[in-house]
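Subject: Handing over the structure

Dear colleague,

I am passing this structure on to you, and you will find the sequence and the coordinates just below. After them I have set out what was found, going from one region to the next.

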Amino acid sequence: MHEHDLLATSWTWAGDEPIADRVRAVGDAGFAGLSLSLDDLHEVRATTGFAALRRVLDRAGIVWVQLGPLDRWWSHDGRTTDDDADRGVVLEAAATLSAWQVVVRADPGVVPTSPASMTADWIELATQAGQVGAQLVLEPEPWSNLPTIERASRFVAAAGHPNGGLLLDAMHTLRGGSTLSSVAQGVSPAVLAAVELSDGLLHTPSGLTLAEESRSARHLPGAGAWDLPGLVRVVRDLGFDEPWGVEVRTAAHRAMPLADALRTAAAATRAVLDAADAFGQPAAPAMPTTPAPTSAVDFEPTVPPRSVLPRRRHDSDTGAPA
């Protein structure tokens, strides 16, 4: 099987420990990348600074750095200084951390912006991200103004900026109604730039909205009902390969010690990728039929069959042993 670069999204490695300790745990679990949330970025900027964080990332072996997601990047009524601060901290961090990508969300508002009216802002931000060495990628969500991966692909392709790309999140894609076939036909290979893997139940749990499911029911890859190996093969055919984002968020995952949670998430994702690698390969040889050696722990003395046990001599009159 191939070796794969994995990227832990911010939810996968969230915790109460200091960020430097959490970064080390990500590296120790075998991840080659991570994503930093806006909360993490503001905390680092206000405390240790981005240069110090870059040194922590280097020591942990982290080579893929993704930032975001950034909200409200488009022109809109009610723009606040917080919106500008978020944009500024992301671009500053991208420059110092040598970030690979900056992720942005579509508009989830009740009265969403027209995607066409966001094009000029997308082009401006893609240019700014490129100036600090990062690619701008859009993450569509089913409850946003770009609810499907196919529509988001058309938006990015139509905008035409060479530094713009698309993030395919397994949960958002499949809950948005897409199928493996529609992804293969409707996503432009030229814009697919990132993939995040998680698993889910056959249907959204009763009582949860899609957004709530996304925040609380992202199961380990391979632990749900979705054909993730099939999805991996589809995006590979579209030209994507490495790193594979891992986004897990359940109550059980959050309850585990961070090191254990990260190792479990990495192992589960590698199993899915191995299954995708194995598709179309020759069948594995049959298991050997010779008995396996008996371990000392399980060994029990062999008792001869009753028919060959030595006959005990009895007194013919009383039946008592002689």
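To begin with the inside, what volume does the largest cavity have? The largest cavity has a volume of about 30 Å³, and please keep in mind throughout that this is a predicted model. Its lining is made up of Leu7, Gln66, Trp100, Ala194, Val195, Glu196, Pro243 and Gly245, and strand E7, which covers residues 192-197, gives the most to that lining, with three residues. Sorted by class, the residues lining the largest cavity are five nonpolar, two polar and one charged.

As for the protein as a whole, it has 12 helices and eight strands, and 47% of its 322 residues count as buried. Among contacts between residues at least 6 apart in sequence, 80% join residues at least 24 apart.

Strand E1 (residues 6-8) and strand E2 (residues 33-36) run parallel and are joined by two bridges, with Leu7 standing opposite Gly33 in E2. Together with helix H1, which spans residues 19-28, E1 and E2 make a right-handed β-α-β unit. On to the next strand, E2 pairs in the parallel sense with strand E3 (residues 64-70) over four bridges, and here Gly33 stands opposite Trp64 in E3.

In a regular strand the side chains alternate between the two faces of the sheet. In E2, Gly33 and Ser35 point one way while Leu34 and Leu36 point the other way, and all of them are buried.

H3 is followed by Gly61, whose phi is positive, near 80°.

The pocket is lined by 29 residues, of which Ser10, Trp11, Gly68, Pro69 and Glu247 are the closest to its centre. Helix H2 (38-46), E3, strand E4 (101-105) and helix H9 (210-216) each supply at least two residues of this lining, and the largest share, four residues, comes from E3. By class, the lining of the largest pocket has nine nonpolar, nine polar and 11 charged residues.

Some details of the backbone deserve a careful look. Most residues other than glycine have a negative phi, and most peptide bonds are trans. The peptide bond from Gly68 to Pro69, however, is cis, with omega near 15°, and Pro69 lies in strand E3. Another cis peptide bond joins Glu242 and Pro243, where omega is about -15°; Pro243 lies in the loop between helix H10 (228-237) and strand E8 (244-246), and Pro243 is also one of the residues lining the largest cavity.

Positive phi values in residues other than glycine are found at Arg72, where phi is near 50°, and at Glu242, where phi is near 75°. Arg72 has its place in the loop between E3 and H4, whereas Glu242 has its place in the loop between H10 and E8. Arg72 counts as partly exposed because its relative accessibility is 34%, a value that falls between the 20% limit for buried and the 50% limit for exposed. Glu242, with a relative accessibility of 19%, counts as buried, because buried means under 20%.

Finally, I would draw your attention to Glu141, which is found in the loop between strand E5 (135-139) and helix H6 (149-159). Is this residue, Glu141, buried or exposed? Glu141 has a relative accessible area of 6%, and it is therefore buried. Leaving aside its neighbours within four places in sequence, Glu141 is in contact with Arg105, Leu146, Pro147 and His172.

With best wishes

Definitions and conventions:
Residues are numbered from 1 along each chain as its sequence is written. This is a predicted model: local features need pLDDT of at least 70, side-chain atom pairs count only at pLDDT 80 or more; totals for chains, interfaces and linings use all residues. Side-chain values use heavy atoms; hydrogens and water are left out. Buried means under 20% relative accessible area, exposed over 50%, partly exposed in between (1.4 Å probe, protein chains only). Contact means heavy atoms within 4.5 Å. Two strands pair if DSSP finds at least two bridges between them. A crossover is right-handed if, with the strands pointing away from the viewer, the path from the first strand over the helix to the second runs clockwise. On a 1 Å grid over the protein atoms alone, a cavity is a set of points where a 1.4 Å probe fits but cannot get out, and a pocket is an open set with protein on both sides within 12 Å along at least five of seven lines; lining residues have an atom within 4 Å of a point. Ala, Val, Leu, Ile, Met, Phe, Trp, Tyr, Cys and Pro count as nonpolar, Asp, Glu, Lys and Arg as charged, and the others, Gly among them, as polar. Grid points are joined across faces, edges and corners, and a volume is the space filled by probe spheres set on the points.
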